[in-house]
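The following exercises concern one protein model. Please work through each task before reading its solution.

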Amino acid sequence: MNYTRLILSRFGGLGDMVMLTPLLRGIKVLYPNVTLTVVGHPNARDIMTRCPFVDEYFTYDKSLHDTLFLIRKLWRSDFVYLMDTLYRISTVYAMARIKVRVGLPHKRKKFLTHYLSVKPWMNYAFEPVVYASFLKDATGIDVMQLPDWDRFYFPEANDEEKERVQALLKGYMQMEEGYIVCSLETGGWQKDWLIEYWQALFESLKDFGKKVIVVGSAPNRFKNVSFSNNVIDLRGKTNLLETGYVIDNAELLINCCSFPVHIANAMNTPVIGLYGSQPDYRCRPQRIYKSIYSKAPCAPCDMMFESSGRCDHPYCMDSITPEIVMNCVKKFYDEGMPLGDNNLKLIYKEKMPSELKREI
């Protein structure tokens, strides 16, 4: 590889940015002298600017200011790998005269110089595996050859951030106490668990002698919710790194498919994940205590490529009852709070069409 600068363009959710970190680490391990630039949403700034594998992080909000800024900063760079199918940003890279522009053609074929193609197995694989495979096709860089290449990274909170969290919890509990952490809302309401189910679970956890810290951004769908007195509601009160600190010190995370699951995986905090429209074999972390997936006959429906999309009236999450989750919690503590095995190589082959198993 003769590139002196590599640009990874990733406009996804915060969890997607955490799932990007194995690729960032692998590139810097294999090519420590390359300048690694990431372009993404402003909300991921704190994660990317404090990631030791990233040399530059630029944001883009479709404004003229950001367009001109990126054209100037990226002018005639060597290479950009577009890790999504967005149209507008691909035009910016073309205007910046980046020499090699690689991605899925989608509706932006004329703005790319090289095209990636989807392989049949990619709908059934863990997302970082898919993007690492694309990276290898695009650049020849094979991060998957490295030991434990799939490890996530999440920046540690600084002392000031840790003190702020401890101040928020003062009078309720100490960080040293055992607690469970959850977030109630995901990036899409189709993935959310019913609020009545969360409330019932928290009551059961109270009877089980466990405190719960609820994290996340300021509530959008679940406002003015009454919780049992074992619940500490920190929604909207912590930044991303402070949220990571809370998850890092938790005994267990119980969560739907969302950003906190990937933080927990980076922090080696055990996870019980709840999956409905999202396929657990694509989105679940590679190290997880238990993946509880919906028994609805149509689940999952949100595949990575050639997706039918999520339905407007999902009922898949309703089949995951609080009793099912609580039984899993009790088993977790009975077994000594294990982290869970590394399931990356399994990729849930039993759920794949038989003709695709040979390709994994």
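**Exercise 1.** Determine which strands helix 4 lies across, and how helix 4 runs relative to strand 4.

*Solution.* Step one: in this predicted model, helix 4 covers residues 88–95 and lies across strand 1 (5–9), strand 2 (35–40), strand 4 and strand 5. Helices (H or I, at least four residues) and strands (E, at least two) are DSSP runs, numbered from the N terminus. Step two: helix 4 runs at about 175° to strand 4; axes are lines fitted to C-alpha atoms, for helices over the stretch in contact (heavy atoms within 4.5 Å), and angles run from 0 to 180 degrees between N-to-C directions. Step three: helix 5 (residues 127–139) also packs on the sheet, where it touches strand 4 and strand 5. The direction of helix 5 makes about 150° with that of strand 4.

Two conventions apply to these solutions. Residues are numbered from 1 along each chain as its sequence is written, and side-chain values use heavy atoms, with hydrogens and water left out.

**Exercise 2.** State the strand order of the open sheet and identify the strands at its edges.

*Solution.* Step one: the six strands follow the order 3-2-1-4-5-6, with parallel pairing (at least two DSSP bridges between two strands). Step two: strand 3 (56–59) and strand 6 (114–115) each have a single partner strand, so one side of each lacks a neighbour in the sheet. Step three: strand 4 (residues 79–82) pairs with strand 5 (residues 100–103) in the parallel sense over four bridges. Leu82 has Gly103 in strand 5 as its bridge partner.

**Exercise 3.** Describe the largest nonpolar core and the contacts of Tyr81.

*Solution.* Step one: this core, a set of buried (under 20% relative accessible area, 1.4 Å probe, protein chains only) Ala, Val, Leu, Ile, Met, Phe, Trp, Tyr and Cys residues joined through side-chain atoms within 4.5 Å, has 72 residues. Step two: helix 1 (residues 14–30) gives the most to this core, with eight residues. Step three: Tyr81 is among the residues with the most contacts inside the core. Beyond four places in sequence, Tyr81 is in contact with residues including Ile7, Leu23, Val102 and Phe134.

**Exercise 4.** Where does pLDDT stay under 50?

*Solution.* Step one: the mean pLDDT of the protein chain is 90, and 92% of its residues reach 70 or more. Step two: the stretch under 50 is residues 346–360.

Conventions
This is a predicted model: local features need pLDDT of at least 70, side-chain atom pairs count only at pLDDT 80 or more; totals for chains, interfaces and linings use all residues. pLDDT is the predictor's confidence in each residue, from 0 to 100. Buried means under 20% relative accessible area, exposed over 50%, partly exposed in between (1.4 Å probe, protein chains only).
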